[in-house]
Amino acid sequence: MKQGTVITRIMIVLMFFMVCAYLLFSVLRSLDDRTYTVTTYAHTVDDAVEATGLLIRAETVVTGQTAAIVDVLPDQGEKVRAGAAVAYLYQDESALDRRRQLRTLMLEEEQPKYALQGQDGSDTSHLDQSIVDAMVGLRTAAAYGDLTSLEEQSLSFKSLVIRHGYTSDAGVDELSAAITALDGQIQALQSASALDTTTVYAPCSGTFSAMADGYESTLYPDMLETLTATGLKQLMTQDPAAPTGAVGKLITSSKWYLATTVSPEVAERLVAGRSVRVRFSRDWSGEVSMKIERVGQAQDNACLVILSSTRNLADTSMLRKQTVDIVFNSLSGIRVPKKAVRTENREVTDPETGETTTKQVIGVYVLTAAQAEFKAVEILADDGDYYLVQAVLPDVPTDNQLKTAFRAGDQVIVSSDELYDGKVMTK
């Protein structure tokens, strides 16, 4: 074999291995390149603690006899006057059908009575407009799928149409006869309903709630003066049964309370007489400003806290045992990953003296026109794997400083082997 051929083959083999090594190195380098960016956004971090407690109100249970069908009349959170009808109790389906017929006949009886009053043309025009409004209301409810008041709206529309028919030149004798016939049917239905239909009336005025959970007899405002942290824990372990025959309850005072327990460290931050924000997020989502009524002594490493409010009573009328967030303070800023925040030595010029010094500056690198740009930030809060930051600006910033400052929506560079101002980024 010729010597030149052997050398050529050796060179080819070496070049092959060199190419393979280069390709392998490139692949490993690309896999190891951890440079990537994250879009920042505005965020709020709450200084808050979680607490579980019971809502306490002045409540009166509304009860009636046992019935197969219960038709509750007031809406949840609706104010009810003393003596008003709260519910109808029906013994069977036929009793319910009879009640519907009775309501329809009573509405129909109003029409000839209205016509006997001798309406003039202006009232007829007003009635026409009422019919149009009722049609629009039905159409709107159907469009939004709101069927909660469909029966009432349908009966009202039917009533207006019948009333419009009776505004013609119908004679007094004809109207009187119609009233007499309808009255006879109504009396017959009322006599039959007396045997299988019962009306439940409100024993007092108040805000109606359809949920009676059995706590009404054990939780009331007067017991808060002697309640302790241990006593509250015992109350929360109970599972009382709803009163027999209860159709709901009436909340008789606009002031309601939240009794809960917190750690002694948290209790030190609560001062009686001041207000604190309480955020509900389970069965009802909302935030209520509540007054701190009392902060109890520590028992078993827990302190009783009594909060009160006169707002959002209707919204919270069905709530009893709740887990809430007691919010002391909120900080708003820009949320960035911790890996993106860097501390570097930067030259800082004093605006008053013009003196330039080297200081450690906290900041992030932002991708701007495919280049890395350092922007100084101030850390406001630690949020796990993220910091809440804001841009560092002088007391009276210029337009250019405001324009170039770090802001929500910037693309921060999370990691790289080396970063500096002006570095061209390929990824």
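When I say contact today, I mean heavy atoms within 4.5 Å. Hello everyone, and thanks for coming. What we have here is a predicted model, where local features need pLDDT of at least 70, side-chain atom pairs count only at pLDDT 80 or more, and totals for chains, interfaces and linings use all residues. Residues are numbered from 1 along each chain as its sequence is written, and side-chain values use heavy atoms, with hydrogens and water left out.

Let's start with Glu-59. Leaving aside neighbours within four places in sequence, Glu-59 is in contact with Glu-216, Lys-249, Leu-250, Ile-251, Thr-252 and Arg-320. This residue sits in strand β3, residues 59-63; strands (E, at least two residues) and helices (H or I, at least four) are DSSP runs numbered from the N terminus. Is Glu-59 buried or exposed? Glu-59 counts as buried because its relative accessibility is 13%. The cut-offs are under 20% relative accessible area for buried, over 50% for exposed and partly exposed in between, with a 1.4 Å probe and protein chains only.

Glu-59 also has polar partners. Its side chain makes a polar contact of 2.6 Å with that of Arg-57, and another of 2.9 Å with the side chain of Arg-320. A polar contact is a pair of N or O atoms within 3.5 Å; within protein, one must be able to donate a hydrogen and the other to accept it, and residues adjacent in sequence count only if both atoms are side-chain atoms.

Now to strand β14. Strands pair here if DSSP finds at least two bridges between them. Strand β2 (residues 41-56) runs antiparallel to β14 (residues 321-337), with 14 bridges joining them. Strand β11, residues 275-281, is also antiparallel to β14, over four bridges. Which residue of β14 does Glu-50 stand opposite? That is Asp-325, and Arg-279 stands opposite Asp-325 as well. There is also an antiparallel pairing of β14 with strand β18 (residues 386-391), over four bridges, where Arg-335 stands opposite Leu-388.

Let me zoom out to the chain. It has eight helices and 19 strands, and 34% of its 427 residues are buried. Of the contacts with a separation of 6 or more, 75% are between residues 24 or more positions apart.

One last stop is helix α1, residues 3-32, where we find Ile-7. Ile-7 counts as partly exposed, because its relative accessibility is 44%. Thanks, and I'm happy to take questions!
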